[in-house]
Structure formats: structure tokens, C-alpha cells
Amino acid sequence: MLKKWGADFFNTLLEHADGTQARAGFRGYRVTVMLPPAPSASTEIGQPMRQRDTRQRRAIRNVFLSVERPLTPEQVLELGQTAVPSLGLATVYRNVKILCTEGWLSEVELPGAGMRYELAARPHHHHFVCRTCDQAYDIDDCPDTIEEMAPPGFRVDDHEVILYGRCPECV
Ligand SMILES: [Zn+2]
Ligand SMILES: [Zn+2]
């Protein structure tokens, strides 16, 4: 009897495996074994993403790392397609959202084009928006005394500075 519960028995088990449980009959006994869930490529921590996703995500990250200014998804698409021609707008939107959730990107609301995104790790800075081409550029300087402009009795938590004009290409 014990001998029978060897390799043959487990072969039977495997033949009946449907991914979540396996059943086997042995001399009138019905045996059900619960199998651990199969690792899923998209949800399992530490599992590599599908090759295609990885390549597209990397291309999108590289766009932000190389330009260092706020970008709309359309601009990300245009720049990303030089590395991955098959990149689509839906993929850009999806990945930009994921990268925001992960804290790698942050949203930048500037007048003009819709929502733009930039590297979340950028230190405090401001923006220049070109009124001709609608590109946004980073400005590293911050006026030290700007928060002193608040009326007496007001406490300032944060500030925004946006310069408008035309970029060197549009002047
Ligand atoms: Zn411009
Ligand atoms: Zn500032």
C-alpha cells in the first residue's frame, strides 16, 4: 500500500491538475490536493514583467531622465517612439499613472496643455511656459523673498512661480 503512494500516485495527481487543485482516486479514496497558485507575471513581487512591458516602461523612464522637463503624455509618446516605435498613447498613459503611484513621477498642473508629468525626485523649482510651442521648462532659481509678499498675519505654506514667454526656438 505504501509503495503505491509513490511516483505512480503523484503522476496521477499531476495528470488531473487543473492549476488550482489536483484530484486522484486510489482504491476507493478520493484525494484532493490544493496546489499553490501559479505565479502571475504581473502581480508576483520580484517576478520580471513581460518583456514587452519592461521595454516600454524603460523607454518611458528614459524619456523623462533625458529631457528633465515636464512632459505631456503626447510628448512622452513622440520622444519614446524613437526608442520603441510600437509605443502607443494608451501604454504611455497607463505607465505614467503607474509611475506616479510608485512615486517616481509627479503631476504638474500648468496652464496650456493638459496634465504634465515630471520626475518626482526633482528638488524645488519653477517653470517657464512657452506661449508659442506650449513646452514647459524647468527653472532652478527660486526668489528667496517671495513668501514675504503675503499680507501680515498670513502664513505661507507653499508657492508657485510660472514665467511666460517664448523659448529660444520660438523667439
Ligand atoms: Zn517655444
Ligand atoms: Zn520657489
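Tutor: The buried residues of α4 pack against α2 (51-67), α3 (73-80), β3 (105-108) and β4 (116-119). Here a residue is buried if 20 or more other C-beta atoms lie within 10 Å of its own, exposed if 12 or fewer, and partly exposed in between, with C-beta atoms placed from the backbone. Two residues are in contact if their C-beta atoms, placed in that way, lie within 7 Å. Helices (H or I, at least four residues) and strands (E, at least two) are DSSP runs, numbered from the N terminus. This is a predicted model, in which local features need pLDDT of at least 70, side-chain atom pairs count only at pLDDT 80 or more, and totals for chains, interfaces and linings use all residues. Residues are numbered from 1 along each chain as its sequence is written, while chains are lettered from A and ligands numbered from 1 in the order in which they are written.

The residues of α4 that count as buried are Thr91, Val92, Asn95 and Val96. Seen down the helix axis, they fall within an arc of 125° (taken from the directions from the axis to the C-beta atoms), so they line one face of α4. The face turned away from this buried side carries the exposed residues Ala90 and Thr101.

After α4 comes Gly103, with a positive phi near 80°.

In the protein as a whole, there are 4 helices and 7 strands, and 14% of the 171 residues count as buried.
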